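Here is a quick, friendly tour for anyone meeting this fold for the first time. Have a look at the chain below, then read on.

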Amino acid sequence: MEISTVRAEYEAATIKAFVLRGRQERFLYLLENPKRRKKFPDELGHFLWFDERYATAVLWKPDPGVGLWGRHISGIGNISRLLRSKGANDNCWVISQMKGIDGKEMELDAALEAVVGNGSGSILCCVPGKLAYFDGEDESLLLSR
């Protein structure tokens with residue numbers, strides 16, 4: 001299957017599973033066309049349209065006994081283990097304000113390193129319609145059904 005088709009399936013399933021119904025059509029419309037797609041990630045920093053029934057805050061729990069960079073790596077490792085315990089595979093699809101990674105398939109841990117704590121909004125689509133991770137300016141969420 002073509003990569004753009006797989007990406008579209010992951011992204012559409014994620015939007016349909018975790019975004020409030022009243023906003024789904026608009027976001028799917030934006031994501032389906034490369035020219036319109038640029039508008040969607042701009043909304044991710046302070047994204048307010050996740051269905052609360054499926055969104056759980058992810059607490060940052062790094063190892064306090066290590067230095068600053070060690071705490072960052074420890075915290076990312078905790079998020080990675082959480083996602084894998086819920087069924088995430090080695091790779092994920094990324095929707096992000098960061099243009100360099102938006103619309104790409106990435107190794108899960110590399111994607112987490114790129115998005116966690118950087119202040120940009122990103123959604124890592126792990127299992128279509130079942131599992132995703134959101135990292136925004138104000139919160140980090142496990143999206144799970």
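Which residues line the second largest pocket? They are Pro34, Lys38, Pro41, Asp42, Ser96, Gln97, Lys99, Asp102 and Lys104. A word on the ground rules: this is a predicted model, where local features need pLDDT of at least 70, side-chain atom pairs count only at pLDDT 80 or more, and totals for chains, interfaces and linings use all residues. Residues are numbered from 1 along each chain as its sequence is written, and side-chain values use heavy atoms, with hydrogens and water left out.

**The overall layout**

The protein chain has 5 helices and 6 strands. Here helices (H or I, at least four residues) and strands (E, at least two) are DSSP runs, numbered from the N terminus. Reading from the N terminus, the order is α-α-α-β-α-β-β-α-β-β-β. Of the chain's 145 residues, 46% count as buried; that word means under 20% relative accessible area, while exposed means over 50% and partly exposed is in between (1.4 Å probe, protein chains only).

The chain exposes about 7900 Å², and carbon and sulfur atoms supply 52% of that. Accessible areas come from the Shrake-Rupley method with a 1.4 Å probe, and for residues only the protein chains shown count as cover. As for contacts (heavy atoms within 4.5 Å), take those with a separation of 6 or more: residues 24 or more positions apart account for 54% of them.

**Two pockets**

Rolling a probe the size of a water molecule over the atoms shows where empty space is left. A pocket is an open set of points on a 1 Å grid over the protein atoms alone, where a 1.4 Å probe fits, with protein on both sides within 12 Å along at least five of seven lines; lining residues have an atom within 4 Å of a point. Grid points are joined across faces, edges and corners, and the volume is the space filled by probe spheres set on the points.

| Pocket | Volume |
|---|---|
| Largest | about 190 Å³ |

The largest pocket has 10 lining residues, and Arg7, Ala8, Glu11, Leu31 and Glu32 are the closest to its centre. Helices α1 (3-18), α2 (21-31) and α3 (34-37) each supply at least two residues of that lining, with the largest share, 5 residues, coming from α1. By class, the lining splits into 5 nonpolar, 1 polar and 4 charged. For that sorting, Ala, Val, Leu, Ile, Met, Phe, Trp, Tyr, Cys and Pro count as nonpolar, Asp, Glu, Lys and Arg as charged, and the others, Gly among them, as polar. The second largest pocket has a lining of 2 nonpolar, 2 polar and 5 charged residues.

One of the residues lining the second largest pocket is Lys99. It lies in the loop between β2 (91-96) and β3 (104-107) and is exposed, with a relative accessible area of 72%. The C-alpha atoms of Lys99 and Lys38 are separated by 8.8 Å, although the two are 61 residues apart along the chain.

**Inside the fold**

Leaving aside neighbours within four places in sequence, Glu11 is in contact with Leu31, Arg37, Val94, Ile95, Gly103 and Cys125.

Val94 sits in strand β2 and is buried too, at 0% relative accessibility. Beyond its neighbours within four places in sequence, Val94 is in contact with residues including Glu11, Arg37, Ile101, Met106, Ala111, Ile123 and Leu124.

In α2, Gln24, Phe27, Leu30 and Leu31 are buried. Why are they on the same side of α2? Because they cover an arc of only 135 degrees around the axis, the arc being that of the directions from the helix axis to the C-beta atoms. The face turned away from the buried side of α2 carries the exposed residues Gly22 and Glu25. Arg26, also found in helix α2, is partly exposed at 38% relative accessibility.

**One more loop**

Ser120 has its place in the loop between α5 (108-115) and β4 (122-127), yet counts as buried at 18% relative accessibility. Not counting residues up to four places away in sequence, Ser120 touches Gln97, Met98, Asp135 and Gly136. From C-alpha to C-alpha, Ser120 and Gln97 are 5.9 Å apart in space and 23 residues apart in sequence.
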